[in-house]
Amino acid sequence: MTREAASRPSLPESVGGMLEDFRAGFGLEIRAWHVVGGDLVPVFPAGASGPPGPTGRRFRVSAAGGPPLEVQVEAGAPAAAEVLRAALERTSELAGGIAACEVQLSERRDEIGLLFSISETLASVLDLQEAAQRILEEGVRVLGAEKGSLWVYSADDDLLRLAASVGGDDARAWIPVGDDASVTARTFRAARPVTEEVRAQSGRESDCGRTGEKEVRVAVPIRYAPASGPARTIGVLNLIGSRNHSRSAPGDRRVLVAVANQIGAALEMHRLLRENMARGRVAREMELAHDLQMKLLPKVPRIPGIEAAARVFPTESVAGDFYQIIPLSEGRIGVMIGDVSGHGFPAALIMALVMSAAAIYAEQGAAPAKVLEYVDRAIGDELESTEMYLSLCYCVLSPHEATITYSNAGHPHAFVVSPHGRHQRLFATDPPMGTGKPPYGEATVNWSRGEDLLLLFTDGLSDTLARGLST
């Protein structure tokens, strides 16, 4: 049975050329039809029509990527017909191979373009979530998948967290790494690609069929290999289903591995970039805090008949050590030193509160024990909430009475040194603030103006001396 088509299916150029060469070279009458759904559609020679004749040698040749070809060679040339049949079969086979190669080259071209696209995305987008979404969308499109997801490992809580999703692959935002029911978690733990058949999600259709039909999930670990040290898995890339069943699954997996490795390098780059930016920001903030803290520490005032000096070398950018020298009425001098536990911003903030409160109460002429009591009331809640404590020693020098009255809340480094090198320690009258409660005690020691030295320092000096002696 034959039929005429409005637009005849074309012959491959190599097949049409061979038929023409045999017709012209051997002077044979050759006709050919495409077999389409049981019908014969004339395709050679051009303009031919009608069914095959009653005589002649007829044979059928399979055509890769197209309908079979029915050929009739005039009677009386069986040898030529057999040679033509063999040549057409070989030509068709070669044409099919070439077509397959062209398809694969086209796919590889798309895949190479995908890798370049990923590189451009990673270079231009600093936001990791936006970059992950763009990369996944492009990967799903190029590889012909229906759905996909990209998961990133969070070491803080040992979870795989969803960074990007296309087509509603998974409604969850995170997956425990130890979840045996999850292909994603198993892929992460195994650190190798996993291919499984899963059932289509409810309410969705795919090329595999309706809900309940099986579709293929390919899960590939996202790996990062540092310049030194072993490679580690930092996430998982999933693709589910296929809109193009002619693609090569092994080829897709190779591309997925390449994409996953590139994503792994990008994730690590983003992590290092964020850490560097955070470190730089913290360094700038610490430098600013250090400058502000140094400005909070007062200059040593000029006091007639008294030689006074102070020096601060913080071991970190900001710390909790401080001092104050406060001229009081009747020629007296208030000298305070303190050390907040810990370092960094919390200690510096407590230090600023203490200095402000202590200066107010000391300038009012309150006794050392009362000053400490007022300070405790002012900052006690902050010390409790931050779980910090404060050693604080406040001395009032009375040159006319040749005494030092002091209150010492757990500060270990307070001494009166005589001209002959003998020293007297100003022992603590109370535990550090934050560990004890008011009222605070007082003590008095002798002090000769112009002869004795009041020496106060924090543990930074003693620690430095101890390290020097140990080396």
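Start with helix H1, residues 13-26: it holds both phenylalanine 22 and phenylalanine 26, 4 residues apart, about one turn of the helix. Helices here are DSSP runs (H or I, at least four residues), strands likewise (E, at least two), numbered from the N terminus.

The model is predicted, so local features need pLDDT of at least 70 and side-chain atom pairs 80 or more, while totals for chains, interfaces and linings use all residues. Residues count from 1 along each chain as its sequence is written, and side-chain values use heavy atoms, without hydrogens and water.

Searching the whole structure gives 4 aromatic pairs. The rings of phenylalanine 22 and phenylalanine 26 sit 5.3 Å apart at their centres, with planes at 35°, so this pair is tilted. The cut-offs: Phe, Tyr and Trp rings (six-membered ring for Trp) pair with centres within 6.5 Å; planes under 30 degrees apart are stacked, over 60 edge-to-face, the rest tilted.

Phenylalanine 22 is buried at 11% relative accessibility. Phenylalanine 26 is exposed at 55%. Buried means under 20% relative accessible area, exposed over 50%, partly exposed in between (1.4 Å probe, protein chains only).

Next pair: phenylalanine 415 and phenylalanine 457 are stacked, 6.1 Å centre to centre, 15° between planes. Phenylalanine 415 is in strand S15, phenylalanine 457 in the loop between S18 and helix H8 (459-470), 42 residues apart. Phenylalanine 415 is buried at 14%. Phenylalanine 457 is buried at 17%.

Now the sheet. S15 (residues 414-417) pairs antiparallel with S16 over 3 bridges; pairing takes at least two DSSP bridges. Phenylalanine 415 stands opposite arginine 425 in S16.
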